Amino acid sequence: MNAQQPPAAGRPVQPGQGPGQGPAGNGEERERIRPKREGYHPIHLNMLPMMALFTVVLCALLKDYSSDPMQIQPSPDTRLPHSSTKLSPQKAVQLIISDRVILVGSRKVAEVKNGRVSAVYKKDNNKASMFIVPLYDELKKVADREKLIARYNKKKREMQFKGLVTIIADKRVPFRLLTEVLYTAGQAEYGQYKFAVIKKEE
Amino acid sequence: MAARKPSERSKSATEPVDLDIVPYMDIVFSLVAFILFTSTGLAQIGVVNVNAPRYQDPLDPGLSKPEDQENKKQLNLTVGVTYRGLFIAGVGGVLGQVDAETPEGAAEPKGPTIPLLTTDAVCRDALAKNQPPPMSCYDTDRLTREMVKIKNEFPQETKIIIYAQPDVPYEVLVQVMDATRDFEGRALFYDVVLSPEIA
């Protein structure tokens, strides 16, 4: 480094204290403060405890993930109501009613506008009808598939068709739309409903 | 390459081997992040059981046993959620309603068993305009007290029929179900049947 270079800001250079020189300009002093390269060893960060911690967290999360019989994933435009219920979800067909669409599983069956299903989706294009045709068709298809699976698994109780449907509805959905969906589900042989809610803290 | 002496071999075998755990850390960290983001978060999801109305088939009288129905007194407890408040009814009629008649002889319009709370301006406004009021306007604490009284009279009864006006929001319905389901650990009316709307 050139001794003529301007000193670093905030660090005035004393007379006789150039770069590489100690305060007294003494070579022995400089040797004393310099770290001894010979005895230097790189410090290895012990990652094993963190790794163990992460593994435990991962196992706990995977257990939670797998033991949950049904992953209810409300869409961003579906805000569930809060309830004091203590019941947990069961494996069932998911029927989602948001303020924009009606879905069976992840399949869109009808559009919702201002809390109403358009007459084009209703039976005979009748606005007053309770029967939503595409919803019925889709649920009937799902019910037939479930019955077929049940027929080949007669000994397994959990695989029998129970007509169970989980309603994941937005909290602003009007009662009329809810009853239309329930009525149509009833026509497709789904007679037991489970309303998905967010459990209130005790 | 010259063969090592046995003494040197033993020394070389004791040299520590650093295991590269960074790729493993990457995988674990990614998995933890993925599960945390895809799970529903800290919100615990629960369910409320509801049954569809059961219709009796007139062509199959074998299913119904009139003598059984006579022996067992049916309460048919019904809670109606309207824009004016909550109606509680049973086989005997609507709770809290007296057949008051005006001097002219015409029956007065009967009010709800539990009227809306009118302490809030929003509730008063909704009542005046006959619009669906927000959830906070319904006196669910009083509803629970009424349910406890009825349960004391009919301890075996668990069934409740709930109906509502067309635009009553779903969250009000869930709140009414909560208020009628249990009270301080005592089960009230948890066998819910939704009935079609009233006009």
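Modeller: Let me begin with a pair of residues: A:Val101 stands opposite A:Glu111 in strand 4 of chain A. Please keep in mind throughout that this is a predicted model.

Biologist: How do you know that strand 3 and strand 4 of chain A pair?

Modeller: Two strands count as paired if at least two bridges are found between them, and strand 3 (residues 101-104) of chain A and strand 4 (residues 107-113) of chain A have four bridges, in the antiparallel sense. These two strands form a hairpin with two residues between them, and in its turn A:Gly105 has a positive phi of about 65°.

Biologist: Why is A:Asn114 called exposed?

Modeller: A residue is exposed if 12 or fewer other C-beta atoms lie within 10 Å of its own, and A:Asn114 has 6 within that distance, so A:Asn114 counts as exposed. A:Asn114 lies in the loop between strand 4 and strand 5 of chain A, and its phi is near 50°, a positive value in a residue other than glycine.

Biologist: Why is A:Val133 called partly exposed?

Modeller: A residue needs 20 or more neighbours to be buried and 12 or fewer to be exposed; A:Val133 has 17 C-beta neighbours inside 10 Å, which lies in between, so A:Val133 counts as partly exposed. A:Val133 lies in helix 3 (residues 133-151) of chain A and, leaving aside its neighbours within four places in sequence, is in contact with A:Tyr121, A:Lys122 and A:Lys123.

Biologist: What makes strand 6 of chain A largely enclosed?

Modeller: Five of the six residues of strand 6 (residues 164-169) of chain A are buried, and therefore the strand is largely enclosed by the rest of the structure. Strand 6 of chain A pairs in the parallel sense over five bridges with strand 2 (residues 93-97) of chain A, where A:Leu95 has A:Ile167 as its bridge partner. Four bridges also join strand 6 of chain A to strand 7 (residues 192-199) of chain A, and these two run parallel. From strand 6 of chain A the chain crosses through helix 4 (residues 175-187) of chain A to strand 7 of chain A, in a β-α-β crossover that is right-handed.

Biologist: Why is helix 4 of chain B said to lie largely in the open?

Modeller: Helix 4 (residues 121-129) of chain B has nine residues and the number buried is zero, so this helix lies largely in the open. Just after helix 4 of chain B, B:Asn130 takes a positive phi of about 55°.

Biologist: How do helix 5 and helix 6 of chain B cross, and what is the handedness?

Modeller: The axes of helix 5 (residues 140-153) of chain B and helix 6 (residues 170-181) of chain B come within 8 Å and cross at roughly 35°, and the crossing is right-handed. By class, their contact has four nonpolar, four polar and no charged residues.

Biologist: What makes strand 7 of chain A and strand 1 of chain B a pair?

Modeller: Against the cut-off of at least two bridges, these strands have seven, in the antiparallel sense, and B:Val48 in strand 1 of chain B is the bridge partner of A:Phe195. The contact between the chains takes 34 residues from chain B and 39 residues from chain A, and the residues on the side of chain B divide into 23 nonpolar, seven polar and four charged.

Key: Residues numbered from 1 in each chain as written. Chains lettered and ligands numbered in written order. Predicted model: local features only at pLDDT ≥ 70, side-chain atom pairs only at ≥ 80, totals over all residues. Right-handed = clockwise from strand over helix to strand, strands pointing away. Axes fitted to C-alpha atoms, helices over the stretch in contact; angles between N-to-C directions. Left-handed = near helix turned anticlockwise from the far one by under 90°. Nonpolar A, V, L, I, M, F, W, Y, C, P; charged D, E, K, R; others polar. Contact = placed C-beta atoms within 7 Å.
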